Amino acid sequence: MGDQQCQERSYLSLKIYPPHSFSQKALIDTQQKYKALYKESIDNPELFWGKVAQEIDWFKPWEKTSNGELIHPQWFCGGSLNVSYNCLDRHLKGNRKSKRALVWEGENGESLTYSYEELTKEVCITANVLKKHGVGKSDTVVIYMPLIPQAIITMLACARIGAIHNVVFAGFSSKSLLERILDSGARLIVTADGGFRRGKIIPLKTRVDEAASLSNQIKKVLVFKRTGSAVQMIEGRDYWMEKERAGVEEFCDPAVLDSEQPLFILYTSGTTGKPKGIVHSSGGYLVQTAFSTKMIFDLKEEDLYWCTADIGWITGHSYVVYGPLANGASIFIYEGAPDFPSFDRFWQLIEKYKITIFYTSPTAIRAFIKWGLQWIANHDLSSLRLLGSVGEPINPEVWMWFYRHVGKEKCPIVDTWWQTETGSILISPLPGATPMKPGSATFPFFGISPEVVDEQGNPLPPGRNGFLVIKGPWPSMFRGIYKDENNYKKIYFSRIPGVYFTGDGAYKDEEGYFWITGRIDDVINVSGHRIGSAEVENALVSHPAVAEAAVVGIPDPYKGEALIAFITLKEGYLASTELVQVLKDHVVKEIGSLARPQEIRFLDTLPKTRSGKIVRRLLKEVSLQGRITGDTTTLEDSQFIDKIGKI
Ligand code: 6R9
């Protein structure tokens, strides 16, 4: 066993208690209190969530807390509310009118601050522009933007009028964008002329033009100015936001919406070749994101909270925008990458703005470790009081580095496990109460009953790895896959009936701590982003040289997992380093740079079962060990094993 592995093992038995100074002021300050409230929440979920829901403002109170269903759940039935009202207007009544709602820094160093009053006004103006362009309740609006305040303003503007936003991450290609536009039925897109990333301009409007040219579904494009780069504007279709906002009213009445009104659709990768449009509600989603933000991040009025996720992902929806703003928190967002123009960009920002809560990903932390302590040493990070991690399992030694060098051993770390589908965090420490174990997401949040089970759904004893499932519904649970009822039922509720199937593997230790071991399906987690093997395979096969493709994920010291593609070529094509480059570029063009394979390997045949299914498991083993140990009796081509051993 190597030194590093030895160290990892020794961290596994480590328990770190929340610093006393933190617990003293925390909302939940002892494990006993957590346990008592948790028991209450499980014994009587209706009563529990009913109480929690009173923390948000309802235009009309709900009649029934929930319909009790796991499949097609409904929460706060009969109630009506407006999510943007809850994130904005209600704070104006109290003393938060001039409180900072949003602080932003651009990659080029520009900075902007919006008070709650200013943010409300901007949201109203944008909502009125959307209305002027014909957007109404339940219409879908695609948002394809860099991380600038206007992106958040547009999300809230949709929420204000009951339109359903579909945010597409700015790193996705025009093809991926088009796929999401078509599936969600959007006729209007909100974008920017471009965004800054590592000194370069991401040509967002050009990509929108490409997507729009391939379909006549897109009738209107509203464009914010960010980079000032020249863009083509098509008369009657494209409009500058700056011009459109002039002349609209500065107030927009928040629409009175049913608790179950969809708030947004967000696409995420699954095991099929097509991303799934995950649909979230208004009432249940807001109640649980607001409550979990308050409890898990132990929010205080003076906090300046920075979650580094992009709004293109669920973390950006729940823990950049809706959860914190519903609590009247001050949020910070940054447009650029952590390594530009220098490796200490994030530390500069924490020091400059006196950030108090810093929520990021294991991938980012692994990069900080790689760049070295010299980048962090000269910065004053004493404003920090709480750290968080999300998106992938965090290695214990990466956890320790974060704890020591960023938190200086005085900040608890909340390792938060959840998914696009769950809407909010389901397993996490409570920072003032939970004794932490580096690498474990620890215990379930209030109202949540996770279990580790075998293929038949039987609970497994401590230490045994199995499937992570969740028993019973919770308010922020997704309401479906957009226009895909079959897969909704099949993927999440069929394999083990009666529970929600997460697609993750996990085990519980003797003390009941949950340890998430990663995906058990064909979803690969690269730098915290979910990528479906089948999507990358489809992209590869769409190239004329490729006959067949199989994509697997292998552990990567920096990205968590890296993509390895195995391909067979069509007649007349020869393997070469040039072709490798061409194929990598092709995937980037088809999906986006996040799906670029790290390696492409050529084979003359792919391993298949007798029924013709590619056995990715074998390819993964080969990539990892250079040899095959698993069961191979169902393989069609037994020669394959000899062949692959030689590549
Ligand atoms: C929030 C988010 C979900 C998948 C999930 C799991 C992995 C997320 C994790 C974690 C271990 C954590 N994941 N948080 N694994 N520890 N704290 O990331 O949503 O993009 O839908 O990804 O990410 O594998 O199933 P999403």
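Buried area is the accessible area (1.4 Å probe) that two parts lose on being put together, summed over both. We're working on a predicted model, where local features need pLDDT of at least 70, side-chain atom pairs count only at pLDDT 80 or more, and totals for chains, interfaces and linings use all residues. Residues are numbered from 1 along each chain as its sequence is written, and side-chain values use heavy atoms, with hydrogens and water left out.

**Exercise 1.** Work out how much area domain 2 and domain 3 bury between them.

*Solution.* Start with the bounds, which come from an automatic or database domain assignment: domain 2 is 129-255 and domain 3 is 527-646. Their C-alpha centres sit 35 Å apart. Five residues of domain 2 and seven residues of domain 3 make the contact (heavy atoms within 4.5 Å). Now the area: the two domains bury about 480 Å², with 46% of it on carbon and sulfur atoms. On the domain 2 side, Phe172, Ser173 and Lys175 lose the most, together 59% of what that side buries.

**Exercise 2.** Find the salt bridge between domain 2 and domain 3.

*Solution.* Look for a side-chain nitrogen of Lys or Arg within 4 Å of a carboxyl oxygen of Asp or Glu. The count between these domains is one. Then check Lys175 and Glu590: their side chains meet in a salt bridge at 2.7 Å, N to O.
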